2 protein chains.
Amino acid sequence: MATIYEVSKLAGVSLATVSRVMNKNARVSDKTKKKVLEAMDTLGYRPNAIAQSLASNCSNSIGILVSELSGAFFGQMMSGIETELRAAGKHVIITTGHSEEEKEKDGIEFLIGRNCDAIIAHVEAVSDEYLIEINKGKVPVYSMSRHVEALKDKCISLDNEAGGYLATKTLIDLGHTNIAYIAGPQFKADASNRLQGHKRALKEHDIEFDENLFYIGDFREIGGSAGLKHFLDEKFNFTALVCANDEMASGAMKYAREHNINLPEQLSIIGFDNVIFANYLYPTLTTIDNPVDEMGKMAAQLVLRDVYQQKKLEIERVFEPTVIVRDSVSKLTN
Amino acid sequence: MATIYEVSKLAGVSLATVSRVMNKNARVSDKTKKKVLEAMDTLGYRPNAIAQSLASNCSNSIGILVSELSGAFFGQMMSGIETELRAAGKHVIITTGHSEEEKEKDGIEFLIGRNCDAIIAHVEAVSDEYLIEINKGKVPVYSMSRHVEALKDKCISLDNEAGGYLATKTLIDLGHTNIAYIAGPQFKADASNRLQGHKRALKEHDIEFDENLFYIGDFREIGGSAGLKHFLDEKFNFTALVCANDEMASGAMKYAREHNINLPEQLSIIGFDNVIFANYLYPTLTTIDNPVDEMGKMAAQLVLRDVYQQKKLEIERVFEPTVIVRDSVSKLTN
DNA sequence: TTGTACGCGTTATCAT
DNA sequence: ATGATAACGCGTACAA
């Protein structure tokens with residue numbers, strides 16, 4: 001691989017001049033610039049990113065920490081981030097936390113050790129205090145889908161409480177009053193906020209929260225099946241079901257079909273996230289839209305602005321959820 | 001951040017010695033080793049990965065190129081790769097190619113520019129020749145899900161032809177003879193190989209390949225809906241449908257339901273890949289298993305062995321597909 | 001506008 | 001076993 005030194009020799013200029021034409025900031029005469037460019041071309045010169053990083057103390061890489069690499073939710077999120085960052089010539093280093101405190105911390109320190117200029121993390125198990133503490137260090141850690149007041153300038157999140165409210169309110173407006181709820185793991189901030197929204201909607205309509213109609217799932221299909229099975233086995237009375245994400249809704253729908261429950265006539269189901277396959281389920285899933293790709297894009301822009309002093313776009317930090325009405329929910333008929 | 005220099009000063013040894021205790025290869029006396037370790041500890045020393053890379057000419061990072069970051073298929077693939085690599089202390093830099101030749105080349109060169117020690121690529125648009133050519137360079141490029149004979153030591157792939165054969169054969173064995181086929185984009189090697197397998201199965205059973213019952217989709221849900229719509233609009237006669245991947249099968253199933261076609265009584269549908277949601281569709285999707293996560297893991301092991309001289313595991317380069325029987329396929333009843 | 005020289009934090013090659 | 005010292009490839013004051 002040709003180095004900057006060889007380029008300078010071929011072009012008959014100094015190392016510094018070559019460096020200057022690369023980092024367009026300094027002024028170089030057109031003549032010499034042309035000579036250098038030509039030399040680069042004939043040598044097929046490619047700057048060594050590692051050496052650049054070492055000298056400039058800037059790696060042009062952004063660390064991303066997600067819970068899982070698979071799953072529609074994270075896929076869309078990563079996609080939003082990477083597209084935006086790549087267009088700006090940055091690159092992403094991706095690793096996983098698996099929703100476990102130790103692994104999440106490991107992941108973040110791993111990314112710091114890799115000299116990332118910033119980290120965008122979707123963490124669920126570490127404490128707010130840890131996030132605050134780690135942010136006192138050199139590399140800024142941005143939080144996705146989780147709001148920490150002390151770090152609000154570094155958070156991009158959906159108003160999950162409003163989303164949870166919206167989901168339940170949608171069912172109530174259709175006449176349902178016996179509404180079961182399958183929640184996500186409550187140590188996860190978004191899961192807990194969604195539940196709070198659910199409770200607020202109930203309260204607002206004088207419906208008492210019923211522990212019997214509450215089940216904590218795992219945000220995966222199996223959690224939805226297990227939750228619905230639980231409610232049915234116990235013969236509890238309900239006409240509608242809120243699932244705290246679409247995967248669980250899918251699992252619940254599968255279980256319902258296997259047990260000959262007509263959807264949505266006998267049971268209305270609403271999901272959360274509006275992942276891609278929600279529109280291909282049967283019946284198509286009514287759900288709460290969670291624009292994760294947009295949020296990922298926004299997080300990337302935030303980093304570009306704060307860390308690399310690029311652009312000056314308006315940053316939207318808290319996204320508002322909306323209902324996507326499809327076929328899995330119907331009016332309560334007596 | 002403490003540097004190796006400060007550690008050496010505090011421990012009262014030279015830079016070289018500190019470096020030696022880090023890279024456990026060389027022999028250092030237990031006494032000095034202990035001193036150094038203590039110094040590192042009190043200073044909270046963390047080696048600078050960038051500087052290590054520059055000096056050792058090894059970045060400990062592996063580039064991954066996928067078509068998309070979202071989608072069950074790529075999610076599982078990345079997950080398999082990352083888990084294995086991370087456990088070995090390596091990290092992944094992920095970027096996308098979007099199935100377009102220019103972007104795929106861009107992506108690969110981007111990763112090379114980032115000094116990746118190796119690249120694992122799922123490419124679809126670039127030519128075999130390009131892959132061969134790029135592999136003459138310093139950084140080895142491994143290919144996922146695409147077999148290139150001249151590069152067979154660097155390829156991890158599913159026998160897609162056998163899979164395509166298996167899918168169609170499954171239907172034939174159930175009595176179907178009018179079998180429609182929705183293919184993937186034919187410039188993609190896996191799509192083309194699956195189709196070849198389909199044709200072989202037909203031929204083997206003296207069924208003529210019917211252009212009318214052939215449609216080229218896009219590997220996404222929409223392609224499946226469009227394909228089935230096409231066949232139905234033209235009123236072609238068929239009792240079974242092979243979709244070259246599960247997404248298209250999902251799209252076709254949705255379209256079928258919307259047009260009151262009973263599945264699988266009136267139409268048997270088989271998919272390909274066995275992505276996670278295949279088991280949550282209605283009816284649950286019979287499909288060809290494609291162990292992408294296993295293949296990702298294997299690719300990672302291959303890199304670990306060839307590039308980092310780790311382990312000496314047996315590498316499995318070509319995986320055999322199997323049928324996963326579920327509910328979307330039934331016997332032909334006259 | 002251009003060139004010189006030093007620094008970035010390691011590894012690696014010699015000596016000792 | 002340990003210590004100097006030269007790379008590694010580039011950015012950047014400072015000088016010219």
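Reader: Which residues of H2(A) do Ile4(A), Tyr5(A), Val7(A) and Ser8(A) in H1(A) meet?
Author: This is a predicted model, in which local features need pLDDT of at least 70 and side-chain atom pairs pLDDT 80 or more, while totals for chains, interfaces and linings use all residues. Residues are numbered from 1 along each chain, chains are lettered from A and ligands numbered from 1 in the order written, and side-chain values use heavy atoms, without hydrogens or water. Helices are DSSP runs (H or I, at least four residues) numbered from the N terminus, and contact means heavy atoms within 4.5 Å. On that basis, the four residues of H1(A) meet Leu15(A), Val18(A) and Ser19(A).

Reader: How is H1(A) oriented relative to H2(A)?
Author: Helix H1 (residues 4-11) of chain A packs against H2(A) at about 105°, with the axes 8 Å apart. Axes are lines fitted to C-alpha atoms over the stretch in contact, with angles from 0 to 180 degrees between N-to-C directions. Angles of 65 to 115 degrees count as roughly perpendicular, so H1(A) and H2(A) are roughly perpendicular.

Reader: Which residue has a polar side-chain atom 2.3 Å from a base oxygen of DNA strand C?
Author: A polar contact is a pair of N or O atoms within 3.5 Å. Ser19(B) places a polar side-chain atom 2.6 Å from a phosphate oxygen of DNA strand C, and a backbone polar atom of Ser29(A) is 2.8 Å from a phosphate oxygen. The base oxygen is instead approached by Arg20(A).

Reader: Which element gives the largest share of the surface near DNA strand C?
Author: A residue is near the strand if one of its heavy atoms lies within 4 Å of it. The largest share is four residues, from H4(B).

Key. A polar contact is a pair of N or O atoms within 3.5 Å; within protein, one must be able to donate a hydrogen and the other to accept it, and residues adjacent in sequence count only if both atoms are side-chain atoms. Helices (H or I, at least four residues) and strands (E, at least two) are DSSP runs, numbered from the N terminus. Angles under 35 degrees count as roughly parallel, over 145 as roughly antiparallel, 65 to 115 as roughly perpendicular and the rest as oblique.
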